[in-house]
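Dear colleague,

Please find below the structure that I am handing over to you.

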Amino acid sequence: MDLKKSSDTEQLEKQSPDTRALGPLNFKLMAAAGVVIVIGFLLMLGQGNDGGTFNEEIFSTRRTVVGPTIAFLGFIFMGAGIMWKSKK
């Protein structure tokens, strides 16, 4: 069984980039989209409510509009990065 596994890995290593499902550009686009998603989630971070006092910062534009929009665009960009077809 080990011989079959080693031959499978050798075949994968010998494959040209044209026969693989995703190319190097796809991985670069997905990494960039991942960074955009993380930035969107970081923009949503902040202090919560401490129980006794109301914190108006919870409903700031950055946390309710900008952060989620950037994260959503990152997810869209991730899908585009996966679907991107390289030129042959």
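The notes below go from the whole protein to single residues.

This is a predicted model, in which local features need pLDDT of at least 70 and side-chain atom pairs count only at pLDDT 80 or more, while totals for chains, interfaces and linings use all residues. Residues are numbered from 1 along each chain as its sequence is written, and side-chain values use heavy atoms, with hydrogens and water left out.

**The whole protein**

The secondary structure comes to 3 helices and 0 strands. Helices (H or I, at least four residues) and strands (E, at least two) are DSSP runs, numbered from the N terminus. From the N terminus on, the elements run α-α-α. Of the 88 residues in the protein, 16% are buried. Here, buried means under 20% relative accessible area, exposed means over 50%, and partly exposed lies in between (1.4 Å probe, protein chains only). Among the contacts in the protein with a separation of 6 or more, 59% are accounted for by residues 24 or more positions apart. A contact means heavy atoms within 4.5 Å.

Helix α2 covers residues 24–44, which is 21 residues. From its first C-alpha to its last it reaches 31 Å, close to the 30 Å expected at 1.5 Å a residue. The expected span is 1.5 Å times one less than the number of residues.

Which residues of α2 are buried? They are Asn26, Leu29, Met30, Ala33, Ile37 and Gly40. These residues cover an arc of only 100 degrees around the axis, which puts them on the same side of α2. The arc is that of the directions from the helix axis to the C-beta atoms. As a general rule, an α-helix has 3.6 residues a turn, so residues three or four places apart point the same way. The buried residues of α2 pack against α3 (61–83). On the face turned away from the buried side, α2 carries the exposed residues Pro24, Lys28 and Leu42.

Gly74 is in helix α3 and is buried, with a relative accessible area of 0%. Leaving aside neighbours within four places in sequence, Gly74 is in contact with Ala33, Val36 and Ile37. Gly74 and Gly34 are 40 residues apart in sequence, but 6.8 Å apart in space, C-alpha to C-alpha.

Leu43 is in helix α2 and is partly exposed, with a relative accessible area of 22%. Not counting residues up to four places away in sequence, Leu43 touches Arg62, Arg63, Val66, Gly67 and Ile70. Leu43 and Gly67 are 24 residues apart in sequence and 4.9 Å apart in space, C-alpha to C-alpha.

Ile39 also has its place in helix α2. At 40% relative accessibility, Ile39 counts as partly exposed. Ile39 and Pro68 lie 29 residues apart in sequence and 9.9 Å apart in space, C-alpha to C-alpha.

**Glu57 and the residues around it**

How many salt bridges does a search of the whole structure find? The search finds 1 salt bridge, in which the side chains of Arg62 and Glu57 meet (3.7 Å, N to O). A salt bridge is a side-chain nitrogen of Lys or Arg within 4 Å of a carboxyl oxygen of Asp or Glu. Arg62 counts as partly exposed at 33% relative accessibility, and Glu57 counts as partly exposed at 39%.

Arg63, found in helix α3, is buried yet has no salt bridge. Its nearest side chain of opposite charge, that of Glu57, is 5.4 Å away. For charge, Lys and Arg count as positive and Asp and Glu as negative; His and the chain ends are not counted. The side chain of Arg63 does reach the backbone oxygen of Glu57 at 3.4 Å. Leaving aside neighbours within four places in sequence, the contacts of Arg63 include Leu43, Met44, Leu45 and Pro68.

Asn55 is in the loop between α2 and α3. At 16% relative accessibility, Asn55 counts as buried. The side chain of Asn55 reaches the backbone nitrogen of Glu57 at 3.1 Å. Leaving aside neighbours within four places in sequence, Asn55 is in contact with Gln47, Gly48 and Asn49.

With kind regards

Methods
A polar contact is a pair of N or O atoms within 3.5 Å; within protein, one must be able to donate a hydrogen and the other to accept it, and residues adjacent in sequence count only if both atoms are side-chain atoms.
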